Amino acid sequence: MLGLGIESTAHTFSCAIIEKKGKKGKILSDVRKIYHPAKGEGIHPREASRHHIENSSSVLSECLREANTTIKDLDLISYAAGPGLGPCLRVGAVVARSLASFYKIPIYPVNHAIGHIELGKLLTGATNPLVLLVSGGHTMLLAFLNKQWRVFGETLDITLGQLLDQFGRSIGFASPCGKNIEELASTSSNYIMLPYSVKGNDVSFSGLLSATKSIVKKSKVDACYSLQETAFAMISEVVERALSFTRKKELMIVGGVAANKRLSEMLQDVCKRHGCKFFVVPLRYTGDCGSQICWTGLLESQVKQGALLKDTLITQSWRLDSVKINY
Amino acid sequence: MKLIKKGAEADIYQTKWNNSKAILKIRKKKNYRNPSLDLKIRKQRTIKESQIISQVKLFGIPTPLVYFVNLKKALIIMQEIPGKTIHDLPELKIIELSKEIGKLVGMLHKNGVIHGDLTTSNFILFQKTVFVIDFGLSQNTIKPEDYAVDLRLIKEILNSAHAKIMEPAWNNFLIGYRSIVGNANYVKITKLVSDIESRGRYAAVI
């Protein structure tokens with residue numbers, strides 16, 4: 001089975017082709033173009049969607065070329081139908097619909113967040129993990145039970161990615177700011193007390209964001225260090241809580257913030273304490289990409305026919321715990 | 001001393017106190033945490049837990065007796081409750097006991113205390129009495145929103161770990177809760193629970 005996946009939920013427009021044989025998947029190509037807002041600014045949905053439109057055909061052609069294949073060889077097309085920014089999602093959906101209807105190829109709308117998890121499982125080999133999904137759109141702890149991913153903990157306000165980006169932008173970085181903050185943080189070890197807000201298995205970051213902004217005048221590096229230490233300690237604690245409650249023996253971390261080395265280091269320590277295996281998605285696939293959409297579409301095709309064109313809409317707010325999984 | 005559980009934030013050992021069985025709960029240093037943050041969290045929670053576990057006895061919540069506290073080591077020695085956690089009981093029993101759990105949570109809230117970590121692992125059934133344990137995240141508060149956060153927690157746990165019995169268990173919980181806090185508070189707090197849920201990421205906007 002040969003699938004094409006199209007991702008366009010936020011700043012990334014990406015197409016990928018995966019060949020599926022039995023339970024194995026081989027990524028033949030994964031091409032991306034990322035929209036970069038000006039320094040200190042966030043994603044402007046209209047500008048991002050314009051970027052996606054302008055780059056869609058070149059990304060698609062390059063993706064086919066790299067995979068050494070043509071559209072006619074494809075067995076299915078999947079696209080990210082949510083959650084995400086409406087104008088951006090629509091670009092991917094339009095591209096997918098056009099190809100599907102012109103070439104008569106089955107089409108699959110896919111949940112972007114499920115994509116992160118499924119691709120993570122494919123690439124790491126985790127079988128029954130507790131999943132930590134940390135990105136600009138999500139901060140969730142999930143475990144699979146009874147045909148659905150269930151939420152064991154999540155953020156009550158902004159996500160970990162938003163926390164890092166909004167703070168980073170306030171000191172003049174261009175988003176995504178995680179890498180810049182990580183670099184600055186690694187040069188300090190002077191911890192300034194910041195609000196630590198864990199509510200059972202949930203976390204809240206909004207107070208931490210305001211407090212960090214208020215200490216930045218004294219020292220940028222100390223602020224970055226203290227922000228990371230506090231936020232990641234909160235995440236590590238809720239991970240420990242969920243591990244001890246669910247008694248899972250695997251932890252898998254996916255999503256853009258999975259690229260942060262300090263976070264990985266802390267979670268590795270958590271896993272050691274609980275005798276559990278630690279899986280982190282390879283760096284190239286932590287962020288948004290077509291592969292996550294493609295692989296999920298391929299998995300769905302095992303149990304489902306392609307969607308009717310009239311049902312290939314987008315849903316900006318589409319929680320992953322509402323998706324039934326039968327494959 | 002025998003290690004009986006490696007919990008999320010503390011290790012639980014079985015020990016003796018004045019010749020009777022007891023539990024030793026120690027919040028050990030976590031290497032992944034910045035040392036000053038680590039010390040603050042462990043100290044604060046040891047204080048909170050030992051205080052509130054005793055305080056709530058006054059309004060009739062069954063909790064273990066605290067025998068001894070060592071702040072420097074962040075450890076508490078307390079009475080052992082040799083029952084089973086609600087989490088490990090058969091599903092029908094969980095549904096039935098949800099009403100009692102609702103009552104206990106109602107009693108806490110009515111007296112201005114939130115538990116802060118309401119999971120089915122933190123209630124123990126022993127000789128037909130449900131005991132409440134693990135008050136490390138508890139707080140004295142009169143803010144209705146804090147009570148709502150507490151309720152949302154147990155709802156989240158029922159919805160994830162006990163998905164099959166979520167509806168009857170949650171309904172029973174609410175019946176028990178309402179019977180203690182009264183209708184006016186019940187309406188106000190459950191409304192706040194929906195507010196918090198609607199603030200969640202990608203929540204269906206109603």
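In strand β5 (residues 107-111) of chain A, the bridge partner of A:Ile77 is A:Ile107. Strand β4 (residues 76-82) of chain A and β5(A) pair in the parallel sense over 5 bridges, where pairing requires that DSSP find at least two bridges between two strands. The chain passes from β4(A) through helix α2 (residues 86-103) of chain A to β5(A), and this β-α-β crossover is right-handed, a term that applies if, with the strands pointing away from the viewer, the path from the first strand over the helix to the second runs clockwise. Helices (H or I, at least four residues) and strands (E, at least two) are DSSP runs, numbered from the N terminus.

This is a predicted model, in which local features need pLDDT of at least 70 and side-chain atom pairs count only at pLDDT 80 or more, while totals for chains, interfaces and linings use all residues. Residues are numbered from 1 along each chain as its sequence is written, and chains are lettered from A and ligands numbered from 1 in the order in which they are written.

Because 5 of the 5 residues of β5(A) are buried, this strand is largely enclosed by the rest of the structure; a residue is buried if 20 or more other C-beta atoms lie within 10 Å of its own, exposed if 12 or fewer, and partly exposed in between, with C-beta atoms placed from the backbone. A:Ile107, A:Pro109 and A:Asn111 point one way from β5(A), whereas A:Tyr108 and A:Val110 point the other way.

Helix α4 (residues 160-170) of chain A is likewise largely enclosed by the rest of the structure, because 8 of its 11 residues are buried. Among these buried residues are A:Leu160, A:Leu163, A:Leu164 and A:Phe167. The buried residues of α4(A) pack against β6 (130-134), β7 (139-145), α5, α6 (206-215) and α7 of chain A, and just after α4(A), A:Gly172 takes a positive phi of about 95°.

Two of those packing partners also meet each other. The axes of helix α5 (residues 178-185) and helix α7 (residues 220-246) of chain A come within 8 Å and cross at roughly 110°, axes being lines fitted to C-alpha atoms, for helices over the stretch in contact, with angles running from 0 to 180 degrees between N-to-C directions. That makes α5(A) roughly perpendicular to α7(A), the term for angles of 65 to 115 degrees. A:Ile181, A:Leu184 and A:Ala185 in α5(A) meet residues of α7(A) including A:Val221, A:Cys224 and A:Tyr225, contact being defined by C-beta atoms, placed from the backbone, that lie within 7 Å.

In the interface, 34 residues of chain A are in contact with 33 residues of chain B, and the largest share of the side of chain A that touches chain B, 9 residues, comes from α7(A).

In chain B, an open sheet of 3 strands has the order β6-β8-β9, with antiparallel pairing, and its edge strands are β6 (84-85) and β9 (129-132), each of which pairs on one side only. Strand β8 (residues 123-126) of chain B pairs with β9(B) over 4 bridges, and B:Ile124 stands opposite B:Phe131 in β9(B). Helix α2 (residues 91-110) of chain B lies across β8 and β9 of chain B, running at about 45° to β9(B).

Technical notes. Two residues are in contact if their C-beta atoms, placed from the backbone, lie within 7 Å. Angles under 35 degrees count as roughly parallel, over 145 as roughly antiparallel, 65 to 115 as roughly perpendicular and the rest as oblique.
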